[in-house]
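Reader: I would like to learn how to read aromatic contacts in a model. Please take me through them one at a time.

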Amino acid sequence: MPRKYRMAAIDIGTNSIHMIIVESQRLGYRVIDKEKEMVQLGRGSLQGKPLTTEAIERAVAALSTMCEIARRWQVNDIVAVATSAVREAPNRQAFIKAADKAAGIRIRVISGEEEADLINRAVRAAVDYQGGTALAVDIGGGSVELIVGTREEVFLTNSEPLGSLRLSQMFLADDPPAARSIEACRLHIRKSLRKTAARIRTLGFDFSVGTSGTILTIAELASGSQDDSVSAGLRWLNRSAVGDLVPLLASLTVRERAEQFGLDAGRAESILAGAIVLEEIMNALKIRRLRACSAALREGIVERALEEKIARAPQTGSVRRKSVMALAERSDFDRTHALHVAKLALRLFDQTAPLHGLRPVERELLEYAALLHEIGVHVSFQGHHKHSYYLIRHAGLAGFTEDQTAILANVARYHRKSVPSREHPNFAELSASHRKVVERLAAILRIASGLDRGRRQSVRDIAAQITEDQILLEVRPRSDAALEIRAATRRAKYMGRLFDRRMRIDLHREA
């Protein structure tokens with residue numbers, strides 16, 4: 001990657017065309033220019049109809065201007081992607097050729113699933129997940145994208161043809177729209193969302209994020225001010241506020257909406273449909289409020305491009321992690337199982353932090369113990385936890401102090417069978433403070449390893465609730481997790497004794 005890599009990312013949407021120009025930095029990138037045109041490429045098309053000549057001309061003119069701006073910035077790359085309107089158009093090749101001829105760019109038409117992936121990348125970079133599971137909602141002009149996932153893993157991506165311009169053209173052509181038209185629009189949305197909403201409720205999520213110009217506009221209209229943002233690029237949006245906004249927008253003509261709220265004509269036309277679909281999503285998923293986020297698909301394009309370039313560059317990495325992974329590879333470990341147990345262990349560590357009070361360095365040791373906890377199987381399955389301890393202690397791991405190696409080895413040793421005891425020489429030799437660390441990390445690892453007892457990664461996530469007398473662990477499954485819950489429940493008894501609390505592990509149920 002050049003020392004100062006610059007790129008332009010262009011999102012050719014159904015309503016708008018957005019461009020950002022960014023310059024790479026040591027950590028991430030900075031935006032150096034932006035451009036937006038509300039061209040309504042999908043006006044008069046969608047539902048299998050071709051793009052109109054007028055819409056193509058508007059879009060090509062906007063792209064020509066944007067590409068000229070990008071070239072003046074001397075960008076290294078221009079990446080342009082097109083979504084619903086172009087994806088569905090039978091004459092999309094004519095548009096792509098016209099844009100190439102006029103602006104000198106190659107447009108790539110992406111699927112709904114790829115669109116959702118790019119949106120997810122943007123949200124991940126803009127929002128602190130704090131170890132939780134997020135639902136991301138993006139309302140475009142042609143489609144709505146719904147994504148459920150953590151920072152590390154995506155569990156669901158879904159694209160529904162429920163965009164604001166599409167719904168406006170289908171149901172809300174009257175100005176202002178009749179009550180029966182609005183109700184027909186709502187019924188269509190509910191029917192379209194029924195299966196996806198059920199899947200999302202079953203998966204579960206900790207918080208919601210809304211992206212796209214439509215949601216940001218709704219958040220501004222609902223709040224009436226710029227003073228309630230929770231951080232840069234984020235704004236709270238309550239379901240009740242959306243519910244109050246819909247009848248107000250419905251009572252106005254497009255022209256009155258534009259004048260009263262300072263909207264351009266295109267946004268004024270489609271904002272009512274956008275507010276209706278957002279309200280229906282929030283109702284179906286029982287979302288009380290979400291964070292309206294300014295990051296969107298174009299930022300996702302940048303995130304992916306930079307990630308690909310970094311992946312091709314020489315990597316240095318952590319000395320400690322390299323030595324741990326080298327030992328794991330030499331021991332022919334079950335990589336998928338080890339990585340999954342490590343992920344669950346870190347989730348438990350983060351969520352039970354008020355109880356254990358351990359530091360980031362101990363968190364790192366827990367992760368490495370999880371990665372190495374079964375390497376003793378390479379020697380023999382019988383007593384493999386003891387073999388794991390021996391291999392770790394005598395592997396000469398680089399970057400660790402002797403005390404850290406001893407802690408790491410002991411945590412791995414106690415992932416199954418007996419719990420830490422002063423009767424065991426390996427545990428007794430530790431200092432009192434180090435024994436305390438081993439006890440607490442081992443209690444976490446025992447549960448995490450039980451949660452992948454069947455080695456099928458059936459448990460995708462876990463959420464902890466701590467009270468004065470109980471630790472409740474709510475399991476979010478990917479598939480049948482009865483075996484894993486039984487195993488984890490047995491192994492969780494040690495954590496209960498350690499913190500003098502009842503342990504309970506339950507399956508997450510749909511709300």
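**Reading aromatic contacts**

Author: Tyr 414 has a relative accessible area of 0%, so this residue is buried. The model is a predicted one.

Reader: Which ring does Tyr 414 pair with, and how is the pair arranged?

Author: A pair of aromatic rings is described by the distance of the centres and the angle of the planes. Here Tyr 414 and Phe 427 have 6.1 Å from centre to centre and 85° between the planes, an edge-to-face pair.

Reader: Where in the chain do Tyr 414 and Phe 427 lie?

Author: Tyr 414 is in the loop between α17 (402–413) and α18 (425–428), whereas Phe 427 is in helix α18. The two are 13 residues apart.

Reader: Is Phe 427 buried or exposed?

Author: Phe 427 is at 2% relative accessibility, and therefore counts as buried.

Reader: How many aromatic pairs does the structure hold?

Author: There are 3 aromatic pairs in the structure. One of them joins Tyr 129 and Phe 207.

Reader: Why is the pair of Tyr 129 and Phe 207 called edge-to-face?

Author: Planes over 60 degrees apart count as edge-to-face. The planes of Tyr 129 and Phe 207 are at 90°, with ring centres 5.5 Å apart, so the pair falls in that class.

Reader: Why do Tyr 129 and Phe 207 count as buried?

Author: Buried means under 20% relative accessible area. Tyr 129 is at 3%, and Phe 207 is at 12%.

Reader: Which charged residues lie over rings?

Author: Arg 289 is placed over the face of Trp 236, 3.6 Å from the ring centre. Arg 460 has its charged end over the ring of Phe 155, at 4.2 Å from the centre.

Reader: How many positive and negative side chains does the chain have?

Author: The chain carries 77 positive and 62 negative side chains, and 5 Å separates the centres of the two sets.

Reader: What is the setting for these contacts in the chain as a whole?

Author: The chain has 511 residues, of which 54% count as buried. Its secondary structure consists of 20 helices and 15 strands. Among contacts with a separation of 6 or more, 69% are between residues 24 or more positions apart. The accessible surface is about 22,700 Å², and carbon and sulfur atoms account for 48% of that area.

Note on methods. Residues numbered from 1 in each chain as written. Predicted model: local features only at pLDDT ≥ 70, side-chain atom pairs only at ≥ 80, totals over all residues. Heavy atoms only, no water. Helix = DSSP H or I, 4+ residues; strand = E, 2+ residues; numbered from the N terminus. Buried < 20%, exposed > 50% of the residue type's maximum accessible area, 1.4 Å probe, protein only. Contact = heavy atoms within 4.5 Å. Areas by Shrake-Rupley, 256 points an atom, 1.4 Å probe, with all protein chains shown as cover. Lys, Arg positive; Asp, Glu negative; His and termini not counted. Charge placed at Lys NZ, Arg CZ, Asp CG, Glu CD. Phe/Tyr/Trp six-rings, centres within 6.5 Å; stacked < 30°, edge-to-face > 60°. Lys NZ or Arg CZ within 6 Å of the ring centre and 35° of its normal.
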